[in-house]
Amino acid sequence: HHYTSHIFPLIWDLIVDSPGITKQQRDAINSDLLKHTRLMEQRFNRVARNSETTGLSRHGLYYALNLFTASRHFNKRQPGRQWAERLDSVSKAMAWWLQQTTWGELDTVQWINTSIEPVITYYALAGHKDFISSGVAANLMTTLDALWQGYPNELSNKFQSISLMNKASWLLNDDRYAWLAQQPKYDFMQFRIGQSWWPARIPVEITPNSPLTIIPASESVKNKYAPAISMDKSFQFLVWRSGYGSNEDYLLVDGLNQGGRNPHHVAAITYLRHNDKPLLSGYENQLFVLRNGLSGNYVPKAAALDTAQQLGDAVYIRTTVPDGPFAIWQRHILHVPGTNTLVADKITAKESGDYELLRQWKTVGKPKSSAVAPHNIAVSGEGRVAIVTDKGVRNYINGNRIDQRLYATLHDSESITLFSSIYANPATGLNRYYLEALKPNAALLR
């Protein structure tokens with residue numbers, strides 16, 4: 001209800017003067033709309049008081065949008081100070097987005113559409129000059145562009161309104177969003193609210209503006225969740241893709257944990273696909289560090305993006321989690337399209353002790369240990385994933401998750417690196433690649 005109730009005043013404004021509506025009906029509907037507006041005002045005022053540093057929540061944005069469309073309707077019919085003040089309050093709350101761009105509430109992917117939608121809708125209705133010229137609109141929509149993994153119905157678009165991508169296409173004069181609007185396969189043959197925003201031309205196919213997309217953290221989000229990381233290295237997530245199709249490579253790395261409805265994650269490879277083979281999917285593709293059998297009393301919430309660069313057809317990414325309780329964790333990712341993804345997790349001890357590295361993989365397909373070697377993993381099922389590791393880790397299978405444990409005694413400032421090769425296996429139990437440990441921080445891929 002709260003996702004769509006702001007639309008009623010728009011419709012009512014069009015039909016309120018219809019001769020088919022009696023005065024009694026008109027008065028009754030206006031009375032109900034006024035009650036609803038007062039309720040939305042109460043809710044908006046409650047959340048707006050606590051939103052100066054973080055912006056309105058997803059629900060708060062819809063309260064604001066309800067208050068805006070209804071106040072605009074009443075101010076048009078019966079202009080008055082009360083409506084002008086309500087419209088001004090909404091304008092000030094929405095202006096936060098012009099300085100502090102962020103892509104959604106917390107870090108739950110399926111909420112991103114419904115977090116961006118009211119901002120796009122407000123500026124489409126209220127006037128969008130600053131919204132466009134500031135680059136905010138393009139930044140917000142780039143997020144949805146990047147998150148789409150190539151499937152008609154997935155987390156990035158399953159709760160998406162029909163009009164969102166078309167409004168974005170109109171606002172930004174970008175046909176890519178009109179194309180993306182078609183991908184969930186909604187029924188466009190019947191009347192839909194907002195059709196005036198739909199573009200006349202829809203491209204047959206699109207290509208990424210760049211294979212690599214980095215979504216930075218806003219300053220307020222960075223200050224709250226990543227105080228140990230400089231602004232120029234803070235990021236929400238990054239995506240590397242070879243194309244828009246579901247048969248092309250896609251790599252998603254999440255850099256920030258905002259405490260949404262997900263497992264704790266930082267520097268996690270939340271999705272990996274080689275060609276049409278999805279290999280990893282989930283926030284669990286990360287690493288934890290324990291010392292002397294204990295976890296720390298502080299959980300890091302962000303990774304710094306040290307570098308992300310194209311190397312020919314491949315991409316290299318390095319992130320660092322500097323404020324872990326016992327160690328600095330540096331993750332290196334080298335992705336060779338359609339072939340191999342190499343991951344090197346380097347741990348540098350902050351103090352001496354007996355360390356346990358717990359690395360998790362959430363695979364597509366139920367995993368099972370390979371007989372080739374105790375530290376090699378072969379996964380049967382969709383994708384037939386192989387995860388090959390260089391050191392003698394202990395593997396524990398938990399549903400679709402692999403827990404790899406490595407034990408090492410480290411002195412202060414001493415480091416150790418755990419290497420893995422991830423690729424689509426042609427057959428269960430057959431490994432195309434092997435990793436041989438050479439030194440604590442070196443391995444040979446063969």
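A residue is called buried here when its relative accessible area is under 20%, exposed when that area is over 50%, and partly exposed in between (1.4 Å probe, protein chains only). With that in hand, helix α3 is mostly covered, as 15 of its 20 residues are buried. Helices (H or I, at least four residues) and strands (E, at least two) are DSSP runs, numbered from the N terminus.

A word on where this comes from: it is a predicted model, in which local features need pLDDT of at least 70 and side-chain atom pairs count only at pLDDT 80 or more, while totals for chains, interfaces and linings use all residues. Residues are numbered from 1 along each chain as its sequence is written, and side-chain values use heavy atoms, with hydrogens and water left out.

Now step back and take in the whole chain. Its C-alpha trace spans about 85 × 45 × 35 Å along the principal axes, and its secondary structure comes to 10 helices and 19 strands. Of the 446 residues, 52% count as buried. Take the contacts (heavy atoms within 4.5 Å) with a separation of 6 or more: 63% of them are between residues 24 or more positions apart.

Back to α3, which covers residues 58–77. From its first C-alpha to its last it reaches 29 Å, close to the 28 Å expected at 1.5 Å a residue; the expected span is 1.5 Å times one less than the number of residues.

Helix α1 (residues 7–15) holds I15, which is partly exposed because its relative accessible area is 39%. Together with I11 and L14, I15 makes a nonpolar surface patch of about 280 Å².

Next, look at a hairpin. Strands β4 (residues 268–274) and β5 (residues 277–281) pair in the antiparallel sense over 4 bridges; pairing takes at least two DSSP bridges between two strands. L272 stands opposite L280 in β5. The hairpin has 2 residues between its strands, and N275 there takes a positive phi near 55°, although N275 is not a glycine. At 37% relative accessibility, N275 counts as partly exposed.

How values were computed:
Patch = residues over 30% accessible without salt bridge, like charges linked within 9 Å, V, L, I, M, F, W, Y side chains within 5 Å. Areas by Shrake-Rupley, 256 points an atom, 1.4 Å probe, with all protein chains shown as cover. Salt bridge = Lys/Arg side-chain N within 4 Å of Asp/Glu carboxyl O.
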